[in-house]
Amino acid sequence: MRAYDLILKKRNGKILEKEEIDFFINGFVNNEIPDYQVSALLMAIYFNGLTKRETIDLTMAIVNSGDIIDLSEIQGITVDKHSTGGVGDKISLVVLPLVSSLGIPVAKISGRGLGHTGGTIDKLESIEGFKTQLSKEKFVANVNKYKMAITSQSADITPGDRKLYALRDVTATVDSIPLIASSIMSKKIASGAMRIVLDVKVGSGAFLKTIDEAKELARLMVDIGNGLNRKTFAVITDMNQPLGYEVGNANEIKEAVKVLSGQGAVDETTVALTIASYMAILGGAFDNFDIAYRNLQDLILSGTALNKFKELIVIQGGRPDFIDDFNLLPQSKYNISVKSDEEGYVNSINAEKVGLAAMMLGAGRKTKNDLIDHSAGITMIKKVGDRGEKNEELCILHTNFLNSSEAAHIIKKSYVIEKEFNKKMQYIYDIIQ
Ligand code: URA
(Lines give C-alpha, C1' and ligand atoms only; values in the text may rest on other atoms or scores of the structure.)
Protein backbone atom coordinates (compact mmCIF):
# COMPACT_ATOMS: atom_id res chain seq x y z
CA MET A 1 0.00 0.00 0.00
CA ARG A 2 1.25 3.54 -0.77
CA ALA A 3 0.14 6.76 0.90
CA TYR A 4 0.15 8.43 -2.55
CA ASP A 5 -2.53 6.05 -3.89
CA LEU A 6 -4.79 6.66 -0.90
CA ILE A 7 -4.48 10.45 -1.25
CA LEU A 8 -5.33 10.11 -4.96
CA LYS A 9 -8.31 7.87 -4.15
CA LYS A 10 -9.79 10.34 -1.67
CA ARG A 11 -8.93 13.33 -3.88
CA ASN A 12 -11.01 11.67 -6.62
CA GLY A 13 -13.97 11.26 -4.24
CA LYS A 14 -13.64 7.49 -3.73
CA ILE A 15 -14.28 5.60 -0.52
CA LEU A 16 -11.35 4.33 1.57
CA GLU A 17 -11.30 0.82 3.01
CA LYS A 18 -10.76 0.14 6.73
CA GLU A 19 -7.30 -1.33 6.03
CA GLU A 20 -6.34 1.80 4.10
CA ILE A 21 -7.42 4.10 6.94
CA ASP A 22 -5.55 1.92 9.47
CA PHE A 23 -2.47 2.01 7.23
CA PHE A 24 -2.57 5.80 7.07
CA ILE A 25 -3.07 6.39 10.82
CA ASN A 26 -0.49 3.77 11.86
CA GLY A 27 2.01 5.14 9.36
CA PHE A 28 1.46 8.69 10.62
CA VAL A 29 1.76 7.78 14.32
CA ASN A 30 4.91 5.72 13.64
CA ASN A 31 6.44 8.60 11.61
CA GLU A 32 6.48 6.49 8.42
CA ILE A 33 4.10 8.79 6.53
CA PRO A 34 5.30 12.42 6.46
CA ASP A 35 3.20 15.40 7.55
CA TYR A 36 2.90 16.70 3.96
CA GLN A 37 1.14 13.55 2.79
CA VAL A 38 -1.15 13.48 5.82
CA SER A 39 -1.94 17.17 5.23
CA ALA A 40 -2.87 16.36 1.63
CA LEU A 41 -5.18 13.57 2.77
CA LEU A 42 -6.77 15.86 5.38
CA MET A 43 -7.49 18.46 2.70
CA ALA A 44 -8.96 15.77 0.42
CA ILE A 45 -11.20 14.67 3.32
CA TYR A 46 -12.11 18.30 4.00
CA PHE A 47 -13.41 18.70 0.44
CA ASN A 48 -14.77 15.22 -0.30
CA GLY A 49 -15.87 14.16 3.19
CA LEU A 50 -16.04 10.66 4.64
CA THR A 51 -18.94 8.24 4.69
CA LYS A 52 -20.29 7.19 8.09
CA ARG A 53 -18.45 3.87 7.74
CA GLU A 54 -15.18 5.61 6.91
CA THR A 55 -15.67 7.98 9.89
CA ILE A 56 -16.20 5.02 12.25
CA ASP A 57 -13.10 3.32 10.81
CA LEU A 58 -11.10 6.53 11.29
CA THR A 59 -12.41 6.84 14.87
CA MET A 60 -11.35 3.28 15.69
CA ALA A 61 -7.96 3.68 13.98
CA ILE A 62 -7.35 6.69 16.26
CA VAL A 63 -8.64 4.78 19.34
CA ASN A 64 -6.21 1.93 18.53
CA SER A 65 -3.28 4.32 18.11
CA GLY A 66 -2.79 4.34 21.91
CA ASP A 67 -3.95 2.98 25.26
CA ILE A 68 -7.60 2.18 25.86
CA ILE A 69 -8.83 2.68 29.43
CA ASP A 70 -11.09 -0.02 30.78
CA LEU A 71 -13.40 1.55 33.32
CA SER A 72 -15.24 -1.69 34.01
CA GLU A 73 -13.77 -1.60 37.53
CA ILE A 74 -16.09 1.32 38.23
CA GLN A 75 -19.32 0.31 39.96
CA GLY A 76 -22.49 1.66 38.34
CA ILE A 77 -23.06 3.35 35.01
CA THR A 78 -20.50 6.09 34.41
CA VAL A 79 -21.42 9.14 32.43
CA ASP A 80 -19.14 11.65 30.73
CA LYS A 81 -19.80 14.78 28.70
CA HIS A 82 -17.81 16.57 26.04
CA SER A 83 -18.14 19.97 24.48
CA THR A 84 -17.09 20.65 20.91
CA GLY A 85 -15.44 23.82 22.24
CA GLY A 86 -16.58 27.29 23.09
CA VAL A 87 -15.83 30.59 24.81
CA GLY A 88 -16.74 31.00 28.49
CA ASP A 89 -17.85 27.36 28.45
CA LYS A 90 -17.57 26.27 32.09
CA ILE A 91 -20.41 23.73 31.86
CA SER A 92 -18.23 20.75 32.88
CA LEU A 93 -17.32 22.46 36.16
CA VAL A 94 -21.01 22.76 36.99
CA VAL A 95 -22.39 19.45 35.75
CA LEU A 96 -19.76 17.21 37.31
CA PRO A 97 -20.68 17.94 40.97
CA LEU A 98 -24.33 18.41 40.08
CA VAL A 99 -24.81 14.99 38.46
CA SER A 100 -22.58 13.31 41.02
CA SER A 101 -24.88 14.69 43.77
CA LEU A 102 -27.49 12.25 42.43
CA GLY A 103 -25.16 9.33 43.17
CA ILE A 104 -24.34 8.82 39.48
CA PRO A 105 -20.61 8.13 38.95
CA VAL A 106 -19.10 10.87 36.79
CA ALA A 107 -15.73 9.84 35.36
CA LYS A 108 -14.58 12.94 33.53
CA ILE A 109 -11.55 13.06 31.30
CA SER A 110 -10.93 16.60 30.12
CA GLY A 111 -8.59 18.54 27.91
CA ARG A 112 -6.76 21.84 27.84
CA GLY A 113 -7.71 24.85 25.76
CA LEU A 114 -6.30 25.52 22.32
CA GLY A 115 -6.67 28.61 20.18
CA HIS A 116 -9.70 30.69 21.09
CA THR A 117 -11.46 27.94 23.09
CA GLY A 118 -10.86 27.16 26.77
CA GLY A 119 -10.22 23.83 28.50
CA THR A 120 -11.54 22.52 31.83
CA ILE A 121 -8.12 21.29 33.02
CA ASP A 122 -6.56 24.76 32.66
CA LYS A 123 -9.47 26.27 34.57
CA LEU A 124 -9.15 23.82 37.47
CA GLU A 125 -5.44 24.57 37.73
CA SER A 126 -6.42 28.08 38.87
CA ILE A 127 -7.30 26.43 42.19
CA GLU A 128 -4.30 26.20 44.51
CA GLY A 129 -3.17 22.59 44.92
CA PHE A 130 -5.81 21.00 42.63
CA LYS A 131 -4.32 17.87 41.02
CA THR A 132 -5.42 17.41 37.42
CA GLN A 133 -3.38 14.30 36.66
CA LEU A 134 -4.63 11.23 38.48
CA SER A 135 -3.24 7.75 37.90
CA LYS A 136 -5.76 5.34 36.43
CA GLU A 137 -5.97 3.54 39.81
CA LYS A 138 -6.63 6.77 41.71
CA PHE A 139 -9.17 7.88 39.11
CA VAL A 140 -11.12 4.63 39.37
CA ALA A 141 -10.84 4.56 43.20
CA ASN A 142 -12.17 8.13 43.49
CA VAL A 143 -15.10 7.47 41.18
CA ASN A 144 -16.01 4.36 43.20
CA LYS A 145 -15.66 6.12 46.55
CA TYR A 146 -16.90 9.66 45.84
CA LYS A 147 -18.87 9.18 42.58
CA MET A 148 -16.70 11.74 40.84
CA ALA A 149 -13.22 12.33 39.52
CA ILE A 150 -11.67 14.49 36.85
CA THR A 151 -8.32 14.03 35.18
CA SER A 152 -6.49 15.24 32.11
CA GLN A 153 -6.11 12.97 29.14
CA SER A 154 -2.83 11.05 29.47
CA ALA A 155 -0.23 11.27 26.70
CA ASP A 156 -0.80 7.61 25.88
CA ILE A 157 -4.46 7.97 24.90
CA THR A 158 -5.19 8.65 21.22
CA PRO A 159 -1.73 9.89 20.18
CA GLY A 160 -3.13 9.74 16.63
CA ASP A 161 -5.62 12.48 17.48
CA ARG A 162 -3.00 14.71 19.06
CA LYS A 163 -0.82 14.51 15.93
CA LEU A 164 -3.74 14.91 13.54
CA TYR A 165 -5.20 17.82 15.51
CA ALA A 166 -1.87 19.67 15.45
CA LEU A 167 -1.72 19.29 11.65
CA ARG A 168 -5.38 20.26 11.20
CA ASP A 169 -4.75 23.38 13.25
CA VAL A 170 -2.13 24.61 10.77
CA THR A 171 -3.69 23.35 7.52
CA ALA A 172 -7.16 24.94 7.85
CA THR A 173 -8.84 21.54 8.21
CA VAL A 174 -10.25 21.80 11.76
CA ASP A 175 -13.83 22.56 10.76
CA SER A 176 -14.51 19.32 8.91
CA ILE A 177 -17.48 17.39 10.31
CA PRO A 178 -16.04 13.83 10.00
CA LEU A 179 -12.66 14.99 11.33
CA ILE A 180 -14.23 16.67 14.39
CA ALA A 181 -16.49 13.66 14.99
CA SER A 182 -13.65 11.12 14.85
CA SER A 183 -11.40 13.36 16.99
CA ILE A 184 -13.96 13.73 19.79
CA MET A 185 -15.44 10.25 19.73
CA SER A 186 -12.04 8.52 19.61
CA LYS A 187 -11.07 10.30 22.86
CA LYS A 188 -14.33 9.40 24.59
CA ILE A 189 -14.15 5.76 23.52
CA ALA A 190 -10.44 5.32 24.37
CA SER A 191 -10.98 6.94 27.76
CA GLY A 192 -13.65 4.41 28.70
CA ALA A 193 -16.83 6.54 28.69
CA MET A 194 -19.91 4.28 28.73
CA ARG A 195 -22.65 6.96 28.48
CA ILE A 196 -21.89 10.25 26.81
CA VAL A 197 -23.64 13.63 26.51
CA LEU A 198 -22.18 15.81 23.79
CA ASP A 199 -22.56 19.58 23.95
CA VAL A 200 -22.40 20.55 20.29
CA LYS A 201 -21.80 24.29 20.15
CA VAL A 202 -22.96 26.34 17.19
CA GLY A 203 -22.33 29.99 16.34
CA SER A 204 -19.62 32.62 16.14
CA GLY A 205 -17.50 31.10 18.93
CA ALA A 206 -17.87 27.48 17.80
CA PHE A 207 -16.00 25.56 15.12
CA LEU A 208 -19.30 25.10 13.26
CA LYS A 209 -21.24 28.25 12.46
CA THR A 210 -24.62 26.95 11.21
CA ILE A 211 -27.31 24.85 12.88
CA ASP A 212 -27.46 22.46 9.91
CA GLU A 213 -23.73 21.71 10.24
CA ALA A 214 -24.06 21.28 14.03
CA LYS A 215 -26.97 18.87 13.54
CA GLU A 216 -24.99 16.86 11.02
CA LEU A 217 -22.03 16.64 13.43
CA ALA A 218 -24.31 15.73 16.34
CA ARG A 219 -26.07 13.00 14.34
CA LEU A 220 -22.77 11.52 13.23
CA MET A 221 -21.26 11.48 16.75
CA VAL A 222 -24.42 10.00 18.28
CA ASP A 223 -24.47 7.29 15.61
CA ILE A 224 -20.79 6.52 16.20
CA GLY A 225 -21.31 6.34 19.99
CA ASN A 226 -24.45 4.20 19.79
CA GLY A 227 -22.87 2.02 17.07
CA LEU A 228 -19.99 1.28 19.44
CA ASN A 229 -22.34 0.48 22.32
CA ARG A 230 -21.86 3.79 24.15
CA LYS A 231 -25.28 5.33 24.64
CA THR A 232 -24.88 8.89 23.41
CA PHE A 233 -27.04 12.05 23.37
CA ALA A 234 -26.12 15.37 21.79
CA VAL A 235 -27.49 18.75 22.81
CA ILE A 236 -27.02 21.58 20.30
CA THR A 237 -26.37 24.79 22.22
CA ASP A 238 -25.79 28.43 21.36
CA MET A 239 -22.28 29.87 21.06
CA ASN A 240 -23.13 33.17 19.38
CA GLN A 241 -21.78 35.07 22.37
CA PRO A 242 -19.60 33.97 25.32
CA LEU A 243 -21.49 31.75 27.75
CA GLY A 244 -22.14 33.59 31.01
CA TYR A 245 -20.19 36.71 31.95
CA GLU A 246 -16.67 35.39 32.55
CA VAL A 247 -14.01 34.24 30.10
CA GLY A 248 -10.60 33.04 31.33
CA ASN A 249 -9.48 30.42 33.80
CA ALA A 250 -9.83 31.76 37.37
CA ASN A 251 -12.71 33.92 36.10
CA GLU A 252 -14.62 30.86 34.96
CA ILE A 253 -14.01 28.98 38.21
CA LYS A 254 -15.57 31.96 39.99
CA GLU A 255 -18.57 31.91 37.68
CA ALA A 256 -19.04 28.14 38.04
CA VAL A 257 -19.32 28.71 41.81
CA LYS A 258 -21.99 31.34 41.13
CA VAL A 259 -23.99 28.93 38.96
CA LEU A 260 -23.69 26.22 41.63
CA SER A 261 -24.90 28.77 44.21
CA GLY A 262 -28.00 29.59 42.18
CA GLN A 263 -26.67 33.01 41.12
CA GLY A 264 -25.51 32.09 37.64
CA ALA A 265 -26.29 33.82 34.34
CA VAL A 266 -29.46 32.55 32.65
CA ASP A 267 -27.71 31.18 29.54
CA GLU A 268 -25.02 29.35 31.53
CA THR A 269 -27.51 27.94 34.04
CA THR A 270 -29.98 26.80 31.36
CA VAL A 271 -27.32 25.00 29.31
CA ALA A 272 -25.75 23.42 32.43
CA LEU A 273 -29.10 22.14 33.73
CA THR A 274 -30.05 20.81 30.30
CA ILE A 275 -26.77 18.90 29.85
CA ALA A 276 -26.91 17.66 33.45
CA SER A 277 -30.51 16.47 32.96
CA TYR A 278 -29.51 14.33 29.98
CA MET A 279 -26.53 12.97 31.94
CA ALA A 280 -28.92 12.10 34.79
CA ILE A 281 -31.27 10.34 32.35
CA LEU A 282 -28.39 8.37 30.80
CA GLY A 283 -27.14 7.54 34.31
CA GLY A 284 -30.54 6.02 35.10
CA ALA A 285 -31.67 8.49 37.80
CA PHE A 286 -34.72 9.75 35.83
CA ASP A 287 -36.58 8.97 32.67
CA ASN A 288 -38.28 12.32 32.30
CA PHE A 289 -36.42 15.49 31.31
CA ASP A 290 -38.62 17.98 33.21
CA ILE A 291 -38.41 15.98 36.43
CA ALA A 292 -34.62 15.64 36.07
CA TYR A 293 -34.31 19.40 35.45
CA ARG A 294 -36.39 20.32 38.50
CA ASN A 295 -34.50 17.91 40.76
CA LEU A 296 -31.17 19.29 39.61
CA GLN A 297 -32.41 22.85 40.16
CA ASP A 298 -33.31 21.82 43.73
CA LEU A 299 -29.80 20.44 44.26
CA ILE A 300 -28.46 23.89 43.39
CA LEU A 301 -30.95 25.77 45.57
CA SER A 302 -30.34 23.51 48.58
CA GLY A 303 -26.55 24.04 48.41
CA THR A 304 -25.94 20.31 47.80
CA ALA A 305 -24.26 20.82 44.41
CA LEU A 306 -21.91 23.53 45.71
CA ASN A 307 -20.92 21.33 48.67
CA LYS A 308 -20.18 18.53 46.22
CA PHE A 309 -17.90 20.88 44.24
CA LYS A 310 -16.12 21.78 47.50
CA GLU A 311 -15.73 18.05 48.22
CA LEU A 312 -14.28 17.46 44.73
CA ILE A 313 -11.70 20.20 45.28
CA VAL A 314 -10.61 18.73 48.62
CA ILE A 315 -10.49 15.15 47.28
CA GLN A 316 -8.20 16.28 44.45
CA GLY A 317 -5.85 18.17 46.78
CA GLY A 318 -7.10 21.73 46.22
CA ARG A 319 -7.85 24.52 48.71
CA PRO A 320 -11.58 25.32 48.64
CA ASP A 321 -11.41 28.57 50.68
CA PHE A 322 -11.71 30.69 47.50
CA ILE A 323 -15.38 29.65 47.36
CA ASP A 324 -16.07 32.11 50.18
CA ASP A 325 -13.50 34.66 49.07
CA PHE A 326 -12.82 35.02 45.34
CA ASN A 327 -9.79 37.22 46.13
CA LEU A 328 -7.97 33.97 46.92
CA LEU A 329 -8.05 33.05 43.22
CA PRO A 330 -5.20 34.33 40.99
CA GLN A 331 -5.60 38.10 40.46
CA SER A 332 -4.32 40.10 37.49
CA LYS A 333 -2.32 43.31 37.93
CA TYR A 334 -4.35 45.32 35.41
CA ASN A 335 -8.15 45.49 35.08
CA ILE A 336 -8.99 47.68 32.11
CA SER A 337 -12.43 48.95 31.15
CA VAL A 338 -13.47 48.82 27.50
CA LYS A 339 -16.13 51.44 26.85
CA SER A 340 -18.71 51.79 24.13
CA ASP A 341 -18.29 54.37 21.36
CA GLU A 342 -22.04 54.52 20.79
CA GLU A 343 -25.40 54.12 22.46
CA GLY A 344 -27.86 51.37 21.63
CA TYR A 345 -28.61 47.68 22.05
CA VAL A 346 -26.05 44.90 21.84
CA ASN A 347 -27.33 42.76 18.98
CA SER A 348 -24.38 40.39 18.80
CA ILE A 349 -20.93 39.69 20.24
CA ASN A 350 -18.54 37.67 18.10
CA ALA A 351 -17.49 35.00 20.59
CA GLU A 352 -14.46 33.85 18.60
CA LYS A 353 -13.05 37.38 18.75
CA VAL A 354 -13.66 37.48 22.52
CA GLY A 355 -11.83 34.15 22.85
CA LEU A 356 -8.93 35.46 20.77
CA ALA A 357 -8.76 38.65 22.85
CA ALA A 358 -8.71 36.56 26.06
CA MET A 359 -5.89 34.47 24.60
CA MET A 360 -3.91 37.64 23.80
CA LEU A 361 -4.35 38.81 27.41
CA GLY A 362 -2.63 35.59 28.54
CA ALA A 363 -5.62 33.32 29.22
CA GLY A 364 -4.95 30.91 26.34
CA ARG A 365 -2.14 29.36 24.32
CA LYS A 366 -1.12 30.30 20.81
CA THR A 367 0.80 27.03 20.56
CA LYS A 368 0.40 23.89 22.62
CA ASN A 369 3.54 24.51 24.71
CA ASP A 370 2.75 28.10 25.77
CA LEU A 371 2.23 28.81 29.48
CA ILE A 372 -1.06 30.40 30.43
CA ASP A 373 -1.87 33.08 32.97
CA HIS A 374 -4.72 31.85 35.16
CA SER A 375 -5.62 35.36 36.29
CA ALA A 376 -6.07 36.70 32.74
CA GLY A 377 -9.47 36.94 31.08
CA ILE A 378 -12.47 39.11 30.33
CA THR A 379 -15.55 40.01 32.35
CA MET A 380 -18.46 40.80 30.06
CA ILE A 381 -20.52 43.65 31.47
CA LYS A 382 -22.86 43.96 28.47
CA LYS A 383 -24.28 40.90 26.75
CA VAL A 384 -26.67 40.47 23.83
CA GLY A 385 -29.96 42.26 24.56
CA ASP A 386 -28.42 44.81 26.96
CA ARG A 387 -28.70 48.51 26.27
CA GLY A 388 -25.79 50.85 26.83
CA GLU A 389 -24.97 54.52 26.60
CA LYS A 390 -21.96 56.04 24.90
CA ASN A 391 -18.90 55.62 27.17
CA GLU A 392 -20.57 52.92 29.25
CA GLU A 393 -18.46 49.90 30.12
CA LEU A 394 -18.83 46.93 27.73
CA CYS A 395 -16.36 44.63 29.47
CA ILE A 396 -13.28 44.53 31.69
CA LEU A 397 -9.98 43.06 30.54
CA HIS A 398 -7.86 41.29 33.18
CA THR A 399 -4.18 40.93 32.33
CA ASN A 400 -0.63 41.15 33.56
CA PHE A 401 0.53 42.64 30.24
CA LEU A 402 1.16 46.38 30.31
CA ASN A 403 -0.15 46.83 26.78
CA SER A 404 -3.54 45.38 25.99
CA SER A 405 -4.62 47.80 23.28
CA GLU A 406 -4.82 45.15 20.54
CA ALA A 407 -7.07 42.92 22.67
CA ALA A 408 -9.22 45.98 23.54
CA HIS A 409 -9.52 46.82 19.84
CA ILE A 410 -10.55 43.24 18.96
CA ILE A 411 -13.13 43.11 21.70
CA LYS A 412 -14.66 46.43 20.71
CA LYS A 413 -14.99 45.11 17.17
CA SER A 414 -16.71 41.99 18.46
CA TYR A 415 -19.71 44.03 19.69
CA VAL A 416 -22.48 44.97 17.25
CA ILE A 417 -24.48 47.83 18.79
CA GLU A 418 -27.62 49.08 17.03
CA LYS A 419 -30.60 51.35 17.65
CA GLU A 420 -33.11 48.50 18.01
CA PHE A 421 -32.84 45.07 19.56
CA ASN A 422 -33.72 42.58 16.83
CA LYS A 423 -32.60 39.19 18.11
CA LYS A 424 -34.48 36.20 19.45
CA MET A 425 -32.55 34.61 22.32
CA GLN A 426 -32.27 30.84 22.24
CA TYR A 427 -29.87 28.71 24.27
CA ILE A 428 -30.81 25.17 23.21
CA TYR A 429 -31.52 24.38 19.54
CA ASP A 430 -32.04 20.64 19.43
CA ILE A 431 -31.49 17.29 21.09
CA ILE A 432 -30.20 14.41 18.99
CA GLN A 433 -30.45 10.87 20.34
N1 URA B 1 -12.58 19.22 19.88
C2 URA B 1 -11.85 18.10 19.63
O3 URA B 1 -11.47 17.38 20.55
N4 URA B 1 -11.55 17.81 18.34
C5 URA B 1 -11.94 18.57 17.31
O6 URA B 1 -11.65 18.24 16.19
C7 URA B 1 -12.70 19.74 17.59
C8 URA B 1 -13.01 20.03 18.89
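**Notes on strands and a surface patch**

1. Strand β4 (residues 195–202) is largely enclosed by the rest of the structure, because 7 of its 8 residues are buried. Do keep in mind, here and below, that this is a predicted model.

2. What does β4 pair with? Strand β1 (residues 79–83) runs parallel to β4 and is joined to it by 5 bridges.

3. Strand β5 (residues 231–238) is another partner of β4, and the two pair in the parallel sense over 8 bridges. Here Ile 196 is the residue to look at, as it stands opposite Thr 232 in β5.

4. Now for some antiparallel pairing. Strand β8 (residues 344–349) pairs with strand β12 (residues 415–418) in the antiparallel sense, over 4 bridges. β8 also pairs with strand β10 (residues 387–388), again antiparallel, over 2 bridges.

5. On the surface, which residues gather in a patch of negative charge? They are Asp 175, Asp 212, Glu 213 and Glu 216. Of these, Asp 212 belongs to helix α10 (residues 211–227). Is Asp 212 buried or exposed? Its relative accessible area is 60%, so Asp 212 counts as exposed, the cut-off for that being over 50%.

Definitions and conventions. Residues numbered from 1 in each chain as written. Predicted model: local features only at pLDDT ≥ 70, side-chain atom pairs only at ≥ 80, totals over all residues. Heavy atoms only, no water. Patch = residues over 30% accessible without salt bridge, like charges linked within 9 Å, V, L, I, M, F, W, Y side chains within 5 Å. Areas by Shrake-Rupley, 256 points an atom, 1.4 Å probe, with all protein chains shown as cover. Salt bridge = Lys/Arg side-chain N within 4 Å of Asp/Glu carboxyl O. Lys, Arg positive; Asp, Glu negative; His and termini not counted. Charge placed at Lys NZ, Arg CZ, Asp CG, Glu CD. Buried < 20%, exposed > 50% of the residue type's maximum accessible area, 1.4 Å probe, protein only. Pairing = 2+ DSSP bridges.
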